[in-house]
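Trainee: Could we go through this model together, and could you show me for each label how the value leads to the conclusion?

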Amino acid sequence: MERGGRTTMVTPRLNSSVIYMEETVIPAVGTIGATLYQRFAHWCRRNEANKSKRHYKDQRWWTWDSYQALSNDYPYWTKKQIRIACDKLRQVGLVTCKIKKGSNYWYSTINIEDWIDSENINGNVDTLSKY
């Protein structure tokens with residue numbers, strides 16, 4: 001960046017969530033799991049911002065998806081890869097999952113910082129429950 005005829009260096013600001021993804025989440029759940037976590041977290045935040053009552057249950061914000069829809073959006077991953085990644089997200093405690101209807105599932109994410117501070121990082125398994 002130039003100021004008054006001289007060039008100054010701009011220090012980049014790193015988003016802590018990027019660091020958490022690279023150093024903590026990706027090693028725990030892999031790149032597919034980390035990508036799906038970001039997707040679910042985005043839609044949960046969006047549903048919260050929109051105050052969507054149908055997406056708020058059990059004091060949590062939720063989004064829903066199916067393995068088929070996810071494989072359509074990410075054609076380079078198989079449904080099996082997506083299922084394994086979702087299972088891993090549940091196993092480490094980053095995502096809570098409930099059956100919505102048929103092959104659709106409700107997903108709710110927890111904050112990465114809360115996850116790191118919790119015992120979930122040590123592999124607390126969250127079982128799949130009927131919604």
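Trainee: What makes the sulfur of Cys97 too far from the closest cysteine sulfur for a bond?
Mentor: In this predicted model, the closest cysteine sulfur to that of Cys97 lies in Cys86, at 7.0 Å. A disulfide requires two cysteine sulfur atoms within 2.5 Å, and because the distance here is 7.0 Å, the pair is too far apart for a bond. The structure as a whole holds 0 disulfides.

Trainee: Why is Cys97 called buried?
Mentor: Buried means under 20% relative accessible area, and Cys97, with a value of 0%, is therefore buried. Cys44 is buried too, since its relative accessible area of 5% is also under 20%.

Trainee: How do you know that Ser108 is buried, and where in the chain is its place?
Mentor: Ser108 has its place in strand E7, which covers residues 104-109, and because its relative accessible area is 2%, under the 20% limit, it counts as buried. Leaving aside neighbours within four places in sequence, Ser108 is in contact with several residues, including Cys44, Trp61, Trp62 and Leu94.

Trainee: How do you know that the span of helix H3 agrees with its number of residues?
Mentor: Helix H3 runs over residues 79-92 and has 14 residues, which at 1.5 Å a residue should span 20 Å; its end C-alpha atoms are 20 Å apart, and therefore the two values agree. Its buried residues are Ile82, Ala85, Cys86, Leu89, Arg90 and Val92. An α-helix has 3.6 residues a turn, so residues three or four places apart point the same way. After H3 comes Gly93, with a positive phi near 90°.

Trainee: Which residues touch the most other members of the largest nonpolar core?
Mentor: That core has 25 residues, and those touching the most other members are Leu36, Phe40, Leu89, Leu94 and Tyr107. At least two residues each are supplied by helix H1 (16-49), helix H2 (67-73), H3, strand E6 (95-101), E7 and helix H4 (112-117), with the largest share, 8 residues, coming from H1. In soluble globular proteins, nonpolar side chains tend to be buried together. Not counting residues up to four places away in sequence, Phe40 touches Thr63, Asp65, Leu70, Cys86, Leu89, Val95, Tyr107 and Thr109.

Trainee: What is the phi of Lys51, and what is that of Asp58?
Mentor: Lys51 has a positive phi of about 55° although it is not a glycine, and phi of Asp58, likewise a residue other than glycine, is positive and near 55°. Most residues other than glycine have a negative phi.

Technical notes: Residues numbered from 1 in each chain as written. Predicted model: local features only at pLDDT ≥ 70, side-chain atom pairs only at ≥ 80, totals over all residues. Heavy atoms only, no water. Helix = DSSP H or I, 4+ residues; strand = E, 2+ residues; numbered from the N terminus. Buried < 20%, exposed > 50% of the residue type's maximum accessible area, 1.4 Å probe, protein only. Contact = heavy atoms within 4.5 Å. Expected span 1.5 Å × (residues − 1). Core = buried A, V, L, I, M, F, W, Y, C linked by side-chain atoms within 4.5 Å.
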